[in-house]
Amino acid sequence: MCEAAEKDLYAVLGASPSDSLKELRHRYQQLALQYHPDRLGDASSSEADSAVKKFLEVDAAWRILSDQNSRRQYDLQRRAQELKQDWPVDSTVYLEDMTWDQGQCVYTYSCRCGGRFDVSVEEVEEETRSRRQDGEEEEEHRGVVVCCDTCSLSVYVTWSLHSKTLFFK
Ligand SMILES: [Zn+2]
C-alpha cells in the first residue's frame with residue numbers, strides 16, 4: 001500500500017482527477033479485465049507476474065478512488081503534493097486550527113520563526129467560491145498556500161466547505 005500511495009492513482013487507472021466516479025469505474029473495469037490473472041492462461045511466468053502486479057496496482061487505486069471519503073483525502077494530499085513542486089510547503093494547517101484576528105479580519109497562525117501566516121477572509125471566500133460552480137460533490141475542501149510574513153516558510157491552509165468556522169457564510 002505504501003508504494004501505491006506514491007504513485008498517481010489517476011495515472012494508474014489512465015484517468016484524470018476531474019473524471020467522474022462513473023468514468024473511473026469504466027477505466028477500472030477495462031484494466032481489471034485486461035490484467036485479470038484468469039486471462040493469463042498461456043502467458044510466460046514473467047508476463048504473468050507483471051500482469052498480476054499491474055492488476056493489484058489497479059485494484060488498489062480503484063479501492064481508494066471509488067470511496068468518496070478516501071478519494072477526497074487522496075485529492076487533498078495530491079494537491080498539496082502538486083503545490084510542493086512549485087514552491088516548498090512545509091505543512092498543512094486546517095483553517096479551524098487558526099486563530100481569528102478580529103482587528104485585522106484575518107485567520108492567523110504562528111510560524112515557528114515567530115512570524116505569522118495570515119489568510120484574509122476575502123482569500124478564503126474567493127477560493128471557496130472559485131470552483132463551486134462545477135457541482136462536483138467530491139470537491140468539498142478548499143485550500144490556499146500562505147507564506148510566512150517573516151521567513152521563507154509556507155503552509156497549505158485547507159478547510160471544508162461545511163466548516164462552521166467560515167465567518168462569511
Ligand atoms: Zn516564519
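Start by selecting cysteine 113: its relative accessible area of 39% makes it partly exposed. Keep in mind as you look around that this is a predicted model.

Next, show the zinc ion. Its coordinating atoms are the SG atoms of Cys111, Cys113, Cys148 and Cys151, at 2.2 to 2.3 Å. For comparison, the ideal angle for four tetrahedral donors is 109.5 degrees. Along the chain, the donors of the zinc ion are spaced as C-x1-C-x34-C-x2-C. Cysteine 113 sits in the loop between strand 3 and strand 4, while cysteine 148 sits in the loop between strand 5 (141–147) and strand 6 (154–160), so this pair ties together parts 35 residues apart in sequence.

Which strands make it up, and in what order? Three strands form an open sheet in the order 2-3-4, paired antiparallel. Strand 2 (99–101) and strand 4 (116–120) are at the edges with a single partner strand each, so one side of each has no neighbour in the sheet. On average, neighbouring strands here are turned by 35 degrees against each other, direction ignored.

Zoom in on strand 2 and strand 3 (residues 106–110): three bridges join these antiparallel strands. Select tryptophan 100 and look across to tyrosine 107 in strand 3, which stands opposite.

Last stop: color residues 121–130, which are helix 6. Helix 6 lies across strand 2, strand 3 and strand 4, and runs at about 60 degrees to strand 4.

How values were computed
Residues numbered from 1 in each chain as written. Predicted model: local features only at pLDDT ≥ 70, side-chain atom pairs only at ≥ 80, totals over all residues. Heavy atoms only, no water. Pairing = 2+ DSSP bridges. Helix = DSSP H or I, 4+ residues; strand = E, 2+ residues; numbered from the N terminus. Axes fitted to C-alpha atoms, helices over the stretch in contact; angles between N-to-C directions. Contact = heavy atoms within 4.5 Å. Donors = N, O, S within 2.8 Å, 3.2 Å for Na, K, Ca; no water. Buried < 20%, exposed > 50% of the residue type's maximum accessible area, 1.4 Å probe, protein only.
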